[in-house]
Amino acid sequence: LRAEWSLLVLLTTCNFPDVMLPAYEEHRAVFIYFGLFVAVGVWFLLSLLTAVVYQAYTEEHQALSQAKAEAAAASLARAFQLLAHAEPEAA
């Protein structure tokens, strides 16, 4: 669990050196792993996550806009129907 948390912290790049340095002191080739993890994670996975969230938001927004437009059209049709069947007032 601690490893996954450390990789999440690394992915956000908030404490990058604190996560990498203990392993880097053990073996310097670990830099390749962390470099690839950050490159793939930050430039691909976070971009993919952002795109998925944006797409879901856009679809939901379009559905709500369409439902609102349909409700407005139904209300307008009902209002015209009521006006058309209203009795004329005596002048």
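The legends below accompany several close-up views of this predicted model.

**View 1. The whole chain and its confidence.** Because this is a predicted model, local features need pLDDT of at least 70 and side-chain atom pairs count only at pLDDT 80 or more, while totals for chains, interfaces and linings use all residues. Residues are numbered from 1 along each chain as its sequence is written, and side-chain values use heavy atoms, with hydrogens and water left out. The average pLDDT (the predictor's confidence in each residue, from 0 to 100) is 88 for the protein, and 98% of the residues score at least 70. Confidence is highest in α3, with a mean of 93, and lowest in α1, with a mean of 81. Helices here are DSSP runs of H or I with at least four residues, numbered from the N terminus.

**View 2. Helix α1 and its buried residues.** Helix α1 spans residues 2–12, and its buried residues are V9, L10 and L11. Buried means under 20% relative accessible area, exposed means over 50%, and partly exposed is in between, using a 1.4 Å probe and protein chains only. The buried residues of α1 pack against α2 (16–26) and α3. After the helix comes T13, whose phi is positive, near 55°.

**View 3. A closer look at L10.** Let us stay in helix α1, where L10 sits. L10 is buried, with a relative accessible area of 0%. Which residues is L10 in contact with, leaving aside its neighbours within four places in sequence? They are F16, V19, F34, F37 and V38, where contact means heavy atoms within 4.5 Å. L10 and M20 are 10 residues apart along the chain, and their C-alpha atoms are separated by 8.1 Å.

View 4. The structure holds two aromatic pairs. The ring centres of Y33 and F34 are 5.4 Å apart and the planes lie at 75°, so this pair is edge-to-face. Y33 and F37 make a stacked pair, with 6.1 Å centre to centre and 25° between the planes. For both, the rule is that rings of Phe, Tyr and Trp (its six-membered ring) pair if their centres lie within 6.5 Å; planes under 30 degrees apart count as stacked, over 60 as edge-to-face and the rest as tilted. Why are Y33 and F37 separated by about one helical turn? Because they are four residues apart in helix α3 (residues 30–84). Together, ring pairs link Y33, F34 and F37 into a cluster.

View 5. F34 is buried, with a relative accessible area of 7%. Y33 counts as partly exposed at 45% relative accessibility, and F37 counts as partly exposed at 23%.

View 6. Y24 belongs to helix α2 and is partly exposed, with a relative accessible area of 24%. Between the C-alpha atoms of Y24 and F34, which are 10 residues apart along the chain, the separation is 9.3 Å.

**View 7. A nonpolar surface patch.** Which residues make the nonpolar surface patch of about 450 Å²? They are V40, F44, L45, L48 and V52. A patch takes residues with over 30% relative accessible area and no salt bridge, joining nonpolar side chains (Val, Leu, Ile, Met, Phe, Trp, Tyr) within 5 Å and like charges within 9 Å. A salt bridge is a side-chain nitrogen of Lys or Arg within 4 Å of a carboxyl oxygen of Asp or Glu. Accessible areas come from the Shrake-Rupley method with a 1.4 Å probe; for residues, only the protein chains shown count as cover. One of the patch residues, V52, is found in helix α3 and is partly exposed, with a relative accessible area of 48%.

**View 8. Y54 in helix α3.** Y54 has its place in helix α3 and counts as exposed, at 56% relative accessibility.

Terms used
Helices (H or I, at least four residues) and strands (E, at least two) are DSSP runs, numbered from the N terminus.
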